[in-house]
Amino acid sequence: MRKLVTGALVALMMALPVQADTQSDKDDFYEQLDLLMRIFERVRSEYVDEVDDKEVIEAAIQGMLRSLDPHSTYLNPDVYQQVRVQMEGEYGGLGIEVQMENGVVKVVSPIDDTPADKAGIQGGDFITHIDGKAVMGKTLTEAVRTMRGPIGSPIVVTIVRDGEEAPFDVEIVREKILVRSVRHHIEDDSIGYIRITTFNMQTGEGVETAIEDIVSQLGSSLDGVILDLRNNPGGLLDEAIRVSDAFLDRGEIVSTRGRRRQNNNRWYATTGDLLDGVPVVVLTNAYSASASEIVAGALQDHRRAVVVGDKTFGKGTVQSEIRLGRTGDRAIRLTTARYFTPSGRSIQERGVEPDIQVLFPRRKGQKVTPRREADLSGHIENDQENLDLTGEEDIASEIEITDDDLLEGAEEGEPPVDVQLKYAIKLLKDMSSLPKSQVAEARPVSE
């Protein structure tokens with residue numbers, strides 16, 4: 001019986017390959033598996049409460065992956081479904097932004113032209129029941145999962161609205177909802193602003209559309225574009241490459257190197273800079289991670305953009321999603337490679353250093369130290385020697401910006417001034433006044 005269970009466990013734990021060179025190593029490998037099974041059997045039979053075998057095994061798998069590094073993890077069916085929604089950037093749902101308040105779901109706002117908007121759902125509404133079942137006692141994640149479902153399927157939500165005497169039901173038919181990862185607008189009459197909140201399957205197209213719209217609005221009066229990657233945790237590598245390509249005309253964007261040959265790759269920009277050389281500033285902070293760092297690193301190395309703000313998070317590893325199970329409804333996310341910027345820098349543990357550091361002012365005595373990759377327990381260390389990238393003249397060094405410039409327009413009682421954004425606007429305005437030949441000198445010649 002033990003042999004059968006052990007064999008099943010070996011298969012369950014992703015059929016770990018035995019690559020031992022000696023019989024002794026093989027014996028030790030199977031002895032450790034046998035030890036794991038004996039502990040599992042003791043837990044099943046002697047733990048104070050009855051345990052769920054599936055949960056215990058999942059915990060063992062999760063523990064094994066988490067012992068490798070902070071980003072390798074097991075995705076059970078529920079988590080995997082949420083991850084797919086996040087990465088694909090679309091789902092069958094109602095189209096509302098929600099939060100939990102007093103145990104029920106509060107609508108922050110309906111998204112324009114979505115089923116919820118068409119059904120008359122309003123910001124401030126409370127959802128107390130979903131298909132007749134009370135929301136009270138559920139987590140926000142559970143409630144959101146219940147509201148999502150197949151496109152075309154109906155759902156009934158019970159609404160409590162201020163000014164209405166009694167709760168009322170609203171039937172809504174789910175439609176495809178796109179997760180908007182890119183927003184853009186015009187700043188200070190001549191500066192394009194593009195904000196990326198995550199890198200999902202909609203991001204590359206969203207950035208290209210944003211650039212097209214900004215150029216069509218401003219034309220020759222466009223002084224520059226701000227690409228805001230602050231608080232962006234990353235996402236899909238392919239989308240980071242596509243976004244970088246939108247600003248580059250040629251040259252390498254990023255490379256990856258892993259233990260297996262299939263994880264060693266290089267990606268290059270295609271011909272055509274969508275902005276045709278218009279100056280760019282990239283805003284970063286300590287929470288700009290992964291795919292955000294790929295974009296910031298590529299544009300910085302190619303001298304295509306000036307990076308302004310704070311040092312990035314420092315996650316320079318690539319996670320591959322490996323599907324498991326007969327139905328492919330679960331997966332592991334396994335670190336399989338490191339990525340490198342065009343100059344060969346590994347950002348792992350170090351992050352992207354801004355060309356111009358601009359930090360938000362802190363109150364007197366306030367000490368806030370953001371946690372980065374290097375602070376995570378078990379993180380992969382960067383064993384790369386520091387590269388000497390000195391000797392290149394920085395166009396930003398010619399721009400003088402004073403504290404008065406940053407604080408100008410701030411009034412008492414108003415929200416704090418976004419000093420990084422204000423700095424970027426001032427920087428682009430000043431860069432636009434420089435001769436084009438001087439701006440061009442800051443860009444590299446790619447081979």
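# A conversation about the sheets, loops and a buried helix

Q: What about β12 and β15: parallel or antiparallel?
A: Strand β12 (residues 224-228) and strand β15 (residues 280-284) run parallel, and 4 bridges join them. Within this pair, leucine 227 stands opposite valine 282 in β15.

Q: What holds paired strands together in general?
A: Strands of a sheet pair through backbone hydrogen bonds, in either a parallel or an antiparallel arrangement.

Q: Changing topic: how many bridges join β3 to β4?
A: There are 6 bridges between strand β3 (residues 96-101) and strand β4 (residues 104-110), and the two strands run antiparallel. As one example of a pairing, isoleucine 96 has proline 110 in β4 as its bridge partner.

Q: And what is found between those two strands, β3 and β4?
A: The hairpin of β3 and β4 has 2 residues between the strands. Asparagine 102, in this hairpin, takes a positive phi near 55°.

Q: Which strand does β4 pair with over 2 bridges?
A: β4 pairs in the antiparallel sense with strand β5 (residues 126-130). Here valine 105 has isoleucine 127 in β5 as its bridge partner.

Q: Where is aspartate 131, then?
A: Aspartate 131 is in the loop between β5 and β6 (133-134). Its phi is near 50°, which is a positive value in a residue other than glycine. With a relative accessible area of 44%, aspartate 131 is partly exposed.

Q: Is threonine 158 buried or exposed?
A: Threonine 158 counts as buried, because its relative accessibility is 11% and the cut-off for buried is under 20%. This residue is found in strand β7 (residues 154-160).

Q: What does the side chain of threonine 158 have a polar contact with?
A: The side chain of threonine 158 is joined to that of aspartate 169 by a polar contact of 2.8 Å. Leaving aside neighbours within four places in sequence, threonine 158 is in contact with residues including Phe126, Ile127, Thr128 and His129, and also with Pro167 and Phe168.

Q: What is glutamate 175 in contact with, beyond its neighbours within four places in sequence?
A: Glutamate 175, in strand β9 (residues 175-178), is in contact with Tyr91, Gly92, Gly93, Pro115, Lys118 and Ile151. The C-alpha atoms of glutamate 175 and tyrosine 91 are separated by 8.0 Å, although these residues are 84 residues apart along the chain. Glutamate 175 is partly exposed, at 31% relative accessible area.

Q: Back to β15: where does asparagine 285 lie?
A: Asparagine 285 lies in the loop between β15 and α9. It is buried, with a relative accessible area of 13%. Its side chain reaches the backbone nitrogen of tyrosine 287 at 3.0 Å. Leaving aside neighbours within four places in sequence, the contacts of asparagine 285 include Arg230, Asn231 and Asp310.

Q: What is the phi of serine 290?
A: The phi of serine 290 is near 55°, a positive value in a residue other than glycine. Serine 290 is also in the loop between β15 and α9 (291-301), and it counts as buried at 10% relative accessibility.

Q: How many residues of α9 are buried?
A: In α9, 11 of its 11 residues are buried. Among them are Ala291, Ile294, Val295 and Leu299. The elements covering these buried residues include β12, α8 (237-247), β13 (252-258), β15, β16 and β18 (330-340). After α9 comes arginine 303, whose phi is positive, near 55°.

Q: What is the mean pLDDT of the chain?
A: The mean pLDDT of the protein chain is 83, and 83% of its residues reach 70 or more. Over residues 1-8, the pLDDT is below 50, and this stretch has 5 contacts beyond near neighbours in sequence. Over residues 388-410, pLDDT stays under 50, and the model has 36 contacts beyond four places in sequence for them.

Q: Why does low pLDDT matter to a reader?
A: Where pLDDT is low, the predicted coordinates should not be read in detail.

How values were computed
Residues are numbered from 1 along each chain as its sequence is written. This is a predicted model: local features need pLDDT of at least 70, side-chain atom pairs count only at pLDDT 80 or more; totals for chains, interfaces and linings use all residues. Side-chain values use heavy atoms; hydrogens and water are left out. Two strands pair if DSSP finds at least two bridges between them. pLDDT is the predictor's confidence in each residue, from 0 to 100. Contact means heavy atoms within 4.5 Å. Buried means under 20% relative accessible area, exposed over 50%, partly exposed in between (1.4 Å probe, protein chains only). A polar contact is a pair of N or O atoms within 3.5 Å; within protein, one must be able to donate a hydrogen and the other to accept it, and residues adjacent in sequence count only if both atoms are side-chain atoms.
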